[in-house]
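The sequence and structure come next.

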Amino acid sequence: MTSEQIGNLSEVLVWATLVCFTIALVAFAVDLARRTDARTTSRAAEKELVGAGGPAPSTGSAAAVVEPVETPTRRRAAGIAMSTTVLGDLLLLAGIVSRGIAAGRTPWANMYEFTLVGSFVAVTVFLVVGTRRDVRFLGAFVTGIAAVFLTLGLNVFYIAAMGVQPALQSYWLVLHVGVAISATGVFTVAFAASVLQLLRTARDGGAALMSGWRWLDRIPTPQSLEALSFRLNAVGFVLWTFTIIGGAIWAEHAWGRYWGWDPKETWSFVIWTVYAAYLHARTTRGWAGTRAAWFVVVGYVCVLFNFTVVNLVINGLHSYSGLTS
Amino acid sequence: MSERTQYKPEGIADEFVTTSASEGVSTGSTAGGGDGPRLPVLGVVGWLRWTWRQLTSMRVALLLLMLLAVAAVPGSVLPQRGPNPDKVLEYLGGHTTLGPWLDRLGFFSVYTSPWFSAIYLLLFVSLIGCILPRVAAHARNLRGRPPHTPARFGRFPAKASAFSTASPDDVVAAVGAHLRRGRVFRVDLGAEDARGERPATRTVAAERGYFRETGNLVFHIALLGLLVSIATGQLLHYRGQAIITEGRGFANAVVDYDTFDKGAWFRPQELSPFSLTLDDFSSRFASDTVAFAQARDFTAYVTVTDADGSASKQTIKVNHPLTIAGAKVYLQGNGFAPEVTVRDAKGEVAFSGRVPFIPQDNVYTSRGVIKVPDVSKGLEQIGLTGYFLPTAVINADGTARSAFPQPENPMLVLQVWSGDLGLDAGVPQNVYKLDTATMTAATGSDGKRAQVLVAPGQTVKLPDGLGTITMSKDIPRYVALDLRYDPSLAWVLTFALLALAGLGVSLFTPRRRVWVRAWALPSGDTQVELAGLARGDDAGLQGEVDRALAAVPGADPPTNSATHSATHDQEEPR
């Protein structure tokens, strides 16, 4: 196969991934809805038992009664969702590898490739966390964000596979950019957890807007979502710190200065500061919990801004999208 | 930046839970409390103490962090003087009302502005104020022992219990030995006498993760070190830029650089005396349709002559700077510097030399200016502006463009001006700009501005009988070299890596306490209870307690921590 054919194959694989993630997104959403139904059923069953004149059962035993009934229906959609997510992730990995072969270099040197690898890392982090605990409630959000990334990548950021200019010919491309994308992927999953935490808190607090969102009752408590988000953000923050240090070392080699307040550098600094503020906020009285979660939202918005607007609108030394404006 | 903890379990009163106590706003010497609402009267010392407490409080540190993030943003949106002085002038020209105000407020040099500096300096003062007491506390804590085993385990987040056929002494010894393994835990074994209904009990108190706070402190101190080394680098550094054409060179002296930039503490005699000659320059560009004309490689082949006269051949590439005597030489740009000879109307050589043309795009459409002041007496000075095209293509309408960055069909396309170049006024001029205020453009017979096309080796007549222009057959390349010396680099890197290591340790080292109580039951068995407490969220805490449980000898029957923790509250002796 010529490198052009391999490049085309890569594109087909990415399209196939997008299809998988979309199916997974729907299945995860169905799963969330079913769990809501199951909850309603469980509440109804509780009422029936009470109504039948029996002794009022504790919540624990009611759940034990209802559990066997709801299990088969509720888990089928989630099973489909998980297997299509795994399939999509493998296809995406194949797409990334073939892209690298077609271009003859590390496959993360422009925005299109960044969306591929970023989505891959986000979904992989979700799957890896999923092997240790049940985070399937996050699936709809993670596959949803990944699907949006891939759609944007294929339609807006796409450029054909090619080599890179001399400034990018360095092993730091593998390290600095690779770690930056990984951090973005980790931040993505953490962001999903924090958004759910905020939604759940709002519903628990009786927000009128959320009164119909019964599925929120079935996701974990805000406290455990906060803990999940923090663990991911801690990893993301360390990766981001490495991204900045690695970037500074590379800039020293390529541009003759380790820090020059280039727009990309500035926004990396802003992101670092926002997540640093988040880490401090969650240990400050009166700022932990909901307020700290807002920092995650702001931080992730900065990450997206750094990736899109800074690359495409604000011109700097980091403008490697390959797109001609 | 003290870490606040959420939980306050019973029986523990130490730094684990009380570091947050300093946060409360204390007004210092409040006077006259009690008789009605009166403002507290603060002396100067009181105010200072209040200010210091505020500044070093977590809330203010948080505020400063957010301010720092917000303050950094304008610099990415507005052009900045440092990297883009031209863009700043352009912006000022386009915004006549807003521009001067932004300029006055320092928005075109955000990162050196007083307000940006104030934020980060305050942040670092706050950091120092927070770190100093914590270093002292941690130093004491490092020598401390694990806190005593609490009387009740009921409210701890991780619990386990078991019955054992071994004696309390053996249980405590075995669990203590398990926890001591690998020196992860600091372990104290203890014994409590029987008191009231409480039977005589053997205890274990263990704590791990002292490095968590160590990492946290190292991270913050390293940030301080980073700031100091960056500032020192700013004072000691120098940087010079020079354009060198093939076959020529430059010596490392301030006068040999086109631009020279230095810190306040730099002395010119610190420049190490070496010289550098550009032997050759090679470039490679993609020629396939997908990435047409994209750069693929630039290499400058140079000869470096050291102070002692020894010469060595070296290469400089993008991403591979050359290190000479502690200074680094970077390849920052390249282009063509055609050798041009201009003869005036009298046939005298008025100018001869290499003229660097600056590439404007990826096909090296390069702009340049030739100033010819030294014409024969009585003649007007000549100025030529225009383009050098490495691979010239003449369009149907007579305009020319470049099709490829390599010199396959080089051509100079110039407009000709005559008059006064303005060089005699003594005002320094930009060599890449022609001041045409006192010059007139040569026009052709059709009334349009005349254009001169010169190919290599050709001599072409200038319009209006001004003379002739010749371009040499070979087109020399030039490189833009950037020489930089910053003795603080190693320190900057060291502190950055220390910060990273400290951060990793402080975020991922679990800080855990494990306690064990073991006492003899009337039946002859031993009742064993374990409890765990962690700082912050710790998913592995129950696992830690379960592993300690597994170390209990003679457990009977093999216990399940989850079921036992539900029942042991009732069995606990009161």
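## Interface and cavity

A salt bridge joins the side chains of Arg484(B) and Glu252(A), with 3.0 Å from N to O. The term covers a side-chain nitrogen of Lys or Arg within 4 Å of a carboxyl oxygen of Asp or Glu. The model is predicted, so local features need pLDDT of at least 70 and side-chain atom pairs count only at pLDDT 80 or more, while totals for chains, interfaces and linings use all residues. Residues are numbered from 1 along each chain as its sequence is written, chains are lettered from A in the order in which they are written, and side-chain values use heavy atoms, with hydrogens and water left out.

Between chain B and chain A there are two salt bridges, and over all chains the count is 24. Helices (H or I, at least four residues) and strands (E, at least two) are DSSP runs, numbered from the N terminus.

| Salt bridge | N to O distance |
|---|---|
| Arg484(B) and Glu252(A) | 3.0 Å |

How many residues of chain B are in contact with chain A? There are 53, and they touch 53 residues of chain A; contact means heavy atoms within 4.5 Å. The two chains bury about 4300 Å² between them, 67% of it on carbon and sulfur atoms. Buried area is the accessible area (1.4 Å probe) that two parts lose on being put together, summed over both.

The structure also holds three cavities of 30 Å³ or more. A cavity is a set of points on a 1 Å grid over the protein atoms alone where a 1.4 Å probe fits but cannot get out, and lining residues have an atom within 4 Å of a point. The largest cavity has about 600 Å³ of space. Its lining has 34 residues, and the closest to the centre are Phe114(A), His176(A), Val177(A), Lys264(A) and His318(A). Helix α6(A) gives the most to this lining, with eight residues.

Notes
1 Å grid on protein atoms, 1.4 Å probe; cavity = no way out; pocket = protein on both sides within 12 Å on 5 of 7 lines; lining within 4 Å. Points joined across faces, edges and corners; volume = space filled by probe spheres on them.
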